[in-house]
Amino acid sequence: AEIVGEQQAKLTLPPEVPPPIEREDATKLIVDLEVVEKEMRLADGVEYTMWTFGGSVPGKFIRVREGDMVEFHLKNHPDNKLPHNIDLHAVNGPGGGAESTFTAPGRETVFSFRALNPGLYVYHCATAPVGMHIANGMYGLILVEPWEGLPEVDKEYYVMQSEFYTEGGYGERGLQPFDMDKAIEEDADYVVFNGAVGSMMNKNAITAQKGDNVRLFVGNGGPNLTSSFHVIGEIFDKVHYEGGSRVQENVQTTSVPAGGAAMVEFITEVPGNYILVDHAIFRAFNKGALATLAVSGEEDENIYTGQQLDRVYQPEGGAIQELPQEKRAIPTASTTEERIEFGRETYMSVCQACHMADGSGIEGAFPPVAESDYLNEDPDRAISAVVHGLQGEITVNGETYNGVMPRQNLTNEEVANVITFILNNFGNEGGEVTPEQVERVRQ
Ligand code: HEM
Ligand code: CU
């Protein structure tokens, strides 16, 4: 196509996407992207020094059109510590632009490329050590709209998965440095959408109305893991798998490889909350790969009724049923310190699955054991929850929960350790529980 005029590209922060391109011609499109290194929230109480394209992780969304001549300006903020460059998978040319954009702090580089292939592409920094630049947040998406445009939809959002490798484990507070050994082992502490745990939850959930056609531009920055991208309670009507031109229909879960992308589309037939996950499911519930799409509108019982029945079913009698658990030998603690240490192990292997590694629980489902008034007011209640199980309505820090905690098959020693660990961590008030105390509660 012939290039007509020039324009400044409008870039957006996640989860927003720039509007569809409506001009008639291919143009010279100027893209300005600034690298900024700064501390950002990775999870509650956890900070991380992110290296960003445009001040966000993932970087700003770039939308160009097939045939455009893109004039790319990479700027490295003078306060940054390191040189960076950019490899855009939408580029035909050496390094995807990386060879032309090595940029020291306080410098700007420019190169141009013709957007030849329509599709959704990842861009990332490719400065050595490449893995580290990516692991620190240097990736984003660029859409090359096909010449004729994409079919019109009601909502478009930008969702990008990636992992973080931190010196401390999941939820460990403070400014967490990058851990190269874990990155090499592909042993991620965090797997997240849009750069942080909970980036699109509660008041930051993405939204739609019943009947909307929703398009998600899904990317995966990696650096290592392939995403099994899934929306709980939805079926993708269409998937541009791998971000390309072909469309697959009626898909439950689509693979998005590291350094790859997909465009998914679906109609939101039923109101409610839809949870975006990496269906490699421990990543979702234990490492952060969760986001919410909140759909508003009228119920339609012809499509989904909601619960129609809830009644008692107890084939083995009234006792709360226990989860089978393997027995492991636990040494006897001789000091409070040891009790806390052994208790941490039990917590991480048993309790963490529901109450989360940082004790924060899951809103509406599992109460926090962090800063828990329920726990601090009477540790015997916590002991009882563990040895007898707990069900029925309880209030923890002003929130009500009405769930079922299965009784845990642990020895008195183990229960004493785990409650002592909790009391002395997660902002709780301290104290020590002995096996004798557990035995009394057990009786
Ligand atoms: C409630 C501790 C394992 C699910 C509680 C409470 C404590 C506690 C202290 C009282 C409320 C609070 O302070 O937050 C523990 C410990 C565990 C453990 C020490 C490991 C030894 C689990 C597991 C699950 C679970 C594995 C999920 C399968 C729940 C639920 C409640 C609860 C649903 C609220 C029950 C209700 O609404 O009545 N837990 N928990 N807990 N826990 Fe656990
Ligand atoms: Cu870089």
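Trainee: Which helices do the buried residues of α7 pack against?

Mentor: They pack against α4, α5 (373–377), α6 (379–388) and α8 (435–442). Contact means heavy atoms within 4.5 Å, and helices (H or I, at least four residues) and strands (E, at least two) are DSSP runs numbered from the N terminus. A word on reading this predicted model: local features need pLDDT of at least 70 and side-chain atom pairs pLDDT 80 or more, while totals for chains, interfaces and linings use all residues. Residues are numbered from 1 along each chain as its sequence is written, chains are lettered from A and ligands numbered from 1 in the order in which they are written, and side-chain values use heavy atoms, leaving out hydrogens and water.

Trainee: How many residues of α7 are buried?

Mentor: Buried means under 20% relative accessible area, exposed over 50%, and partly exposed in between (1.4 Å probe, protein chains only). In α7, 12 of its 12 residues are buried, among them F421, I422 and L423. This helix covers residues 412–423 and reaches 16 Å from its first C-alpha to its last, close to the 16 Å expected; the expected span is 1.5 Å times one less than the number of residues.

Trainee: What are the protein donors of the iron atom of ligand 1?

Mentor: Donors are N, O and S atoms within 2.8 Å of the metal (3.2 Å for Na, K and Ca); water is not among the atoms, so sites may look incomplete. For this iron atom, the protein donors are H355 (NE2) and M405 (SD), at 2.0 to 2.1 Å. H355 lies in helix α4 (residues 336–355) and M405 in strand β25 (residues 404–405), so the pair ties together parts 50 residues apart in sequence. H355 is buried, with a relative accessible area of 13%, while M405 is partly exposed at 21%.

Trainee: Which residues coordinate the copper ion (ligand 2)?

Mentor: H84 (ND1), C125 (SG), H133 (ND1) and M138 (SD) do so, at 2.0 to 2.5 Å. The angles among these four donor atoms run from 87 to 137°, and the site is irregular. Both H84 and H133 are buried.

Definitions and conventions
Tetrahedral: all angles 85-135°; square planar, octahedral: opposite > 155°, others 65-115°.
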